Amino acid sequence: MATIAVLPGDGIGPEVTREAVKVLRATAGRFHLTLAFQEAPLGGGAYDVAGTPLPDQTLAVCRQADAILFGAVGGPRWDTLPRKVRPEQGILALRKAFDLYANLRPAKLFPALTDASTLKREVIEGVDILVVRELTGGLYFGQPKGIQTGPEGERGVDTLIYTRPEIERIAKVAFEAAERRRKHLTSVDKANVLASSELWRRIVTEVGMAFPGVRLDHLYVDNACMQLVRQPKAFDVVVAENTFGDILSDEAAMLTGSIGLLPSASLGNGVGLYEPIHGSAPDIAGQDTANPIAAILSGAMLLEYSLKAGTAAAAIESAVSRVLDKGYRTPDIQQPGTQIVGTRRMGDLIAEAVRAGSGS
Ligand code: IPM
Ligand code: MG
């Protein structure tokens, strides 16, 4: 039996997470897995009831879980709060608490959605990229940080710092992933300007010595942004520090048609956390229009990485593919001739497809 901590969060978080849980239940039924779900507050909603975006009780629920399924946090209601208690701090603190340093963000095009992308069919057909984002270091967490008042008035400070062990461990994850895939790793940095990047490039190259079967390229981040839309098929695995990885993974998501499609896994040495890469989209919250596929595929990654149930994970991916092949679409990926469905209906269709198996 496995316990899954469910942190729906804010905005569309709860509605997409509900569908992910629905599909996980259907999958558990088919593959005879026993899953227990335990819900806890995180983000703005948690601040409203507990005065903090990451209540101790939520942390305790996560500590006892085998995996964490997270939705999204944030919204305009909480944007004026002091940074320390802003909803985003909830997820950042959680990543730090469990040392979830390796964030895997696969961007793979579903064939049925080739025309849903804003890029030309011939550019994106067959795109299959894995962004490996460093998640617990860099600008997000470096000290000093904050807004200070000095003789020249206010100044805002963030610190971009990476240590050797931090770079070594994320590089290793990226090389190992590349070994399991098409054996090509692109490391993204800004080594022509930043000292942290100079060290990053040197250490990634060193770690690469142990992976002679993997071809390693280095790209400056500005060039990487350009190449990603110019020739996305040239990429296999991309590894980047926290902020660059945040930006590049949104860009990679749009290659596949919608940010509503991309899941992620955040891994460390203990419990793993799974979340859609999209945010809380407060403008469409509660309207039953959000795309639950990223959340549902995050559930698949949870089965694969935390519960080692690869076959069950593959069944979810196949179910999503079949539902898209049949022409069902949420509004973000609609095209002429497809059938628009809401969040719940999309979840129902995918859960049904999981139960029916690949013969459906
Ligand atoms: C992401 C998000 C988060 C991040 C925000 C919500 C703090 O953009 O997971 O990509 O910047 O890491
Ligand atoms: Mg982001």
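**View 1. Arginine 133 and the other residues around ligand 1.** In this predicted model, an N or O atom in the side chain of arginine 133 is 2.9 Å from an oxygen atom of ligand 1. Arginine 105 places a side-chain N or O atom 2.8 Å from a ligand oxygen. For tyrosine 140, the corresponding separation is 2.6 Å. A polar contact is a pair of N or O atoms within 3.5 Å; within protein, one must be able to donate a hydrogen and the other to accept it, and residues adjacent in sequence count only if both atoms are side-chain atoms.

**View 2. Helix α1 against helix α10.** Residues 13-31 form α1, and residues 293-305 form α10. Helices are DSSP runs (H or I, at least four residues), numbered from the N terminus. The two axes lie 8 Å apart at an angle of about 45 degrees. Axes are lines fitted to C-alpha atoms over the stretch in contact, with angles from 0 to 180 degrees between N-to-C directions. The pair is therefore oblique (under 35 degrees is roughly parallel, over 145 roughly antiparallel, 65 to 115 roughly perpendicular, the rest oblique). From α1, Val16, Thr17, Glu19, Ala20, Val23, Leu24 and Thr27 meet Ala295, Ile296, Gly299 and Leu303 of α10 (contact: heavy atoms within 4.5 Å). This contact has 7 nonpolar, 3 polar and 1 charged residues. Ala, Val, Leu, Ile, Met, Phe, Trp, Tyr, Cys and Pro count as nonpolar, Asp, Glu, Lys and Arg as charged, and the others, Gly among them, as polar.

**View 3. Helix α1 against helix α12.** Helix α12 spans residues 343-356. Its axis comes within 9 Å of the α1 axis, crossing at roughly 15 degrees. That makes the two helices roughly parallel. By class, their contact holds 5 nonpolar, 3 polar and 8 charged residues. Among the α1 residues that meet α12 are Glu15, Arg18, Lys22 and Arg30. On the α12 side, they include Arg344, Asp348 and Arg355.

**View 4. Helix α6 against helix α7.** Here α6 (residues 164-180) packs on α7 (residues 195-208) at about 50 degrees, axes 9 Å apart. These helices are therefore oblique to each other. Their contact comprises 9 nonpolar, 1 polar and 5 charged residues. Ile167, Ile170 and Phe175 are among the α6 residues involved. Leu199, Trp200 and Val207 are among those from α7.

**Notes.** Residues are numbered from 1 along each chain as its sequence is written, chains are lettered from A and ligands numbered from 1 in the order written, and side-chain values use heavy atoms, without hydrogens and water. Local features need pLDDT of at least 70, side-chain atom pairs count only at pLDDT 80 or more, and totals for chains, interfaces and linings use all residues.
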